[in-house]
Amino acid sequence: MTTPAPATRRALTEGQRSERRLGLWLCAPAALIMVLVTGWPIVYSVLLSLQRYDLRFPDDRAWVGLSNYAVVLTNEFWWSAFWVTLVITVISVSIELVLGMLLALAMYRAIVGRGLVRTVVLIPYGIVTVAAAYGWKYAWTPGTGWLAAMLPEGTAPLTDRVSAIAIIILAEVWKTTPFMALLLMAGMAVVPEELLRAASMDGATRWQGFAHVLLPLMKPAILVALLFRTLDAFRIFDNIYVLTNGSQNTASVSITAYHNLIGGLNLGIGNTMSVLILISVAIIAVVFIVGFGTAAPGSGR
Amino acid sequence: MMERPDRKRVTSWVVINTVVVLYAMIPVLWIASLSFKDPSTFTDGSFIPRKWTLDNYAGIFENDDFVRGLVNSIGIGLISTFVAIVFGTMAAYAIARLTFPGKRLLIGVSLLIAMFPQISLVSPLFQIERALGLFNTWPGLILPYITFALPLTIYTLSAFFREIPWELEKAAKMDGATPFQAFWQVIVPLAAPGMVTTAILAFIFCWNDFLFAISLTSSNAARTAPATISFFTGSTQFEDPTGSISAAAVVITIPIVIFVLFFQRRIVAGLTSGAVKG
Amino acid sequence: MRRATTRGRRAAALLLGAVALLPAACGSGGDEGVPLVNLYNAPQENLEAIVARCNDLAAGRYRILLNTLPRDADGQREQLVRRLAAADPGLDVLGLDVTWTAELAEAGWIREWTGDHAAQAREGTLAKPLETAVWQGKLYAAPYNTNVQLLWYRSDLVPSPPRTWNEMMAVAAELAARGKPHYGEVTGAQYEGLVVWFNSLVASAGGQILNTGGTQVALGPPALKALDVMRAYATSKAADPSLPNTQEDAARLAMEGGRAAFEVNWPFVYASMAANKPDMLPVFKWAPYPGIDGAGASPLGGGNFAVSTYSEHPEESFQAALCLRDPASQLTAAVKDGLPPTIESVYKDPAMAEPYPMRDAILDALKTAAPRPKTPTYQNVSTMISAALSPPAEIDSPVTLAELREQISAALQSKGVLP
């Protein structure tokens, strides 16, 4: 960082003191909003998760301790949603990593039409997820869709669990691969060109240059991209909402929580699920940061 | 660059580029094609419309809910972006330029929020906003949007700010400029491109949101366009709103296409800078 | 660099300008003086005509504005409930599915019908549909349309209609042996239709899913019998291989396509047969819903009109709701949109004869029809039942029953989880 190194610990000059003050003041509004809009709701969410609070029985509100957690954690719908979410996350992030790497190479190395390639890949990234999801939905609807038209007569892929999840993954991969590719491309940009050239002079093939020089140097960027996308995939909502709305056991944890909260008006159960999702996300982040040594962006190097 | 591109390599790159363009464009062209199809030909399954019409577009602009949804989307998106940029700029400046306690904490908190599962916020906010009277209002959506746009703006902007040659400011002051003049005439022009980029990214985020929009609104008073689309109904029991949904999907995609066409370099720079330099 | 900067400034100025303009764009319209009654209802083709007639009759006392809800029942309920939860005054008259009364009444979101309004809503209304609008002894809605399932059969294949599910299986086996179409279509997919089937079987066996107050699980021996029948049927010759995916429309299509010899379904299948397969219509007959030992209790469906607690024009809303479900309105809905009336006298109208040759069968079925359980958590109860019973061929009666009892009672204590 380009900040001036602190001269001495004990004696803060007047200038340093006023710099501290200014720094705190400048950060205060942003920090305040972020903490107010997330901090208090999280606490409140935990409180609601400890109550029987169902808008359909407003008179029966009561503290019930951890019983909502017992209900959710022994419920088959919850676990189905959990595994579906996990499957979607693992498969889509894996595909995205491979596709994203290819796309990043194409964007980074292109000798013709580089601007064109970089422009078109931003369209899936920027398009409203719901708009794209409707496109996929209609494409796979028998009678309407051009993709469904290629399938044998009478197949309705969105009404079968396995094929519906495959389509959800397809929609998710299409939309988010460009983001993955951009993050990976940023990682490629920091690898010095000379290293690759040196490798190729030593007789390394293109593949060897990629696998033994580029990939290891890109590892921090890859891990950051994986972390971002894994956490993002875990909260998948929009695509499933439009494509199946969770029917045929294709609900993700976010969809299930939404159904219990907004559809079922059961604030206790809905908030219990919210807290559990938060805990899951925290576990994933910790696994990445501690297990893989992912440098959290912003942690400074 | 280093080697002269020979014919074979150019050809293979043309092929690769074509694949990438098809990958990105086919789903978009399909929804556009649906939006131009005459309702009698929805069920032909053809990728290209056999009978063209603009009726689907005429229909959605006669639909008050959709027009209100667009107004809500634009208004809520712009206000959220504006506030996030103002506060984000202040914080990012401090992070890039100043030494103060709690800097790490702020970076950590915003990282946490960037990764936060939105649904975990929707559940308590649904109840809190109902109690505060914020449910189904513009501020009810603007607040969470600012919150989720802030980490993005802080990251991207602080990366941009670190690149600015701040010595120029000192030089201007030595040449007799007041601190304000130095800031306004030297620093702002240098910082503006980064801020525009960041504003676009933040706006795309707000424009894209769906979960908050359907959970924290109940009518067209605050419902944004993506949520409005998902509530389209056909005019009769037997008619699917396929045409209207497709046309509306195309309409809300247009701003994105415009941003991408005009600001491609900046968006790429913005998305990659935060990730690497962070 | 230079160009980009000016562009940046211009964009920032544009942004500011747009922000300044926005509040001006918000505002609400409405006719001065005439109270606006917002009606929210499921899509119905000719409802606009019914609304227009009531607006004419109101002569300026109120004006009804029709707002259409999504097509699927869950989507309709979700939209209504979310707005009611937010105390939205923009809702006045609500078109409710018969199974939602308890939930909305208990949450305090719909108004009780009293005095004159209640008397008018009750007058001449059939008992079973009226009962669906009552919760804890109070009237919360005015019945608009009703519905019952009947047994539909092809008289060229099945000369005399079976009266019980066992007879249906026997007829199917006999048809199958002769190499004839032998499927008997029933809604076996994992959705509300499966609950409807189960509920009717339990009622036919003389039982109930919940006790009368809706506070406790009833089930018991009649439920065991019902489960045995469902399993037997799903594994018999009568079962279409696609039974675990069959909803009302698939059942109708199987019949029209000639795959099935009979089906249990709502009366809309008659108009559809007349339109799609007129040559099959002369042999397309109806009979009472099959039972277990004797006569069956037909599933009961339909819709009612309620008035929102947060309506700012309650008096006008009650009047509008009454007009929307008066005999003339119900006749339009019945003849043009295929929705059976809830007012008995409408069935005697001459215009009913042609589209409803089965109207006496409907009236008969309505006397014994089985309403679905009344509870504020119907959504959860129904989800549990359809999950536990799907696919019907894998029902293991005692085990399934124990599972049902446990899950339904959890749902009644707000411990139900929706998928």
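What percentage of the contacts in chain C with a separation of 6 or more is accounted for by residues 24 or more positions apart? That share is 75%, where two residues are in contact if their C-beta atoms, placed from the backbone, lie within 7 Å.

A word on conventions. This is a predicted model, in which local features need pLDDT of at least 70 and side-chain atom pairs count only at pLDDT 80 or more, while totals for chains, interfaces and linings use all residues. Residues are numbered from 1 along each chain as its sequence is written, and chains are lettered from A and ligands numbered from 1 in the order in which they are written.

I continue with chain C. Its C-alpha atoms fill a box of roughly 85 × 60 × 45 Å along the principal axes. Chain C contains 16 helices and eleven strands; these are DSSP runs, helices being H or I with at least four residues and strands E with at least two, numbered from the N terminus. Of the 419 residues in chain C, 50% are buried, meaning that 20 or more other C-beta atoms, placed from the backbone, lie within 10 Å of a residue's own.

Consider strand β6 of chain C, residues 142–148: seven of its seven residues are buried. Strand β6(C) runs antiparallel to strand β11 of chain C, residues 300–307, and six bridges join them. Within this pairing, C:A142 stands opposite C:F305.

Finally, the contact between chains A and B. Each of the two chains contributes 87 residues. On the side of chain A, helix α1, residues 14–49, supplies the largest share, 18 residues.

Key. A residue is buried if 20 or more other C-beta atoms lie within 10 Å of its own, exposed if 12 or fewer, and partly exposed in between; C-beta atoms are placed from the backbone. Two strands pair if DSSP finds at least two bridges between them.
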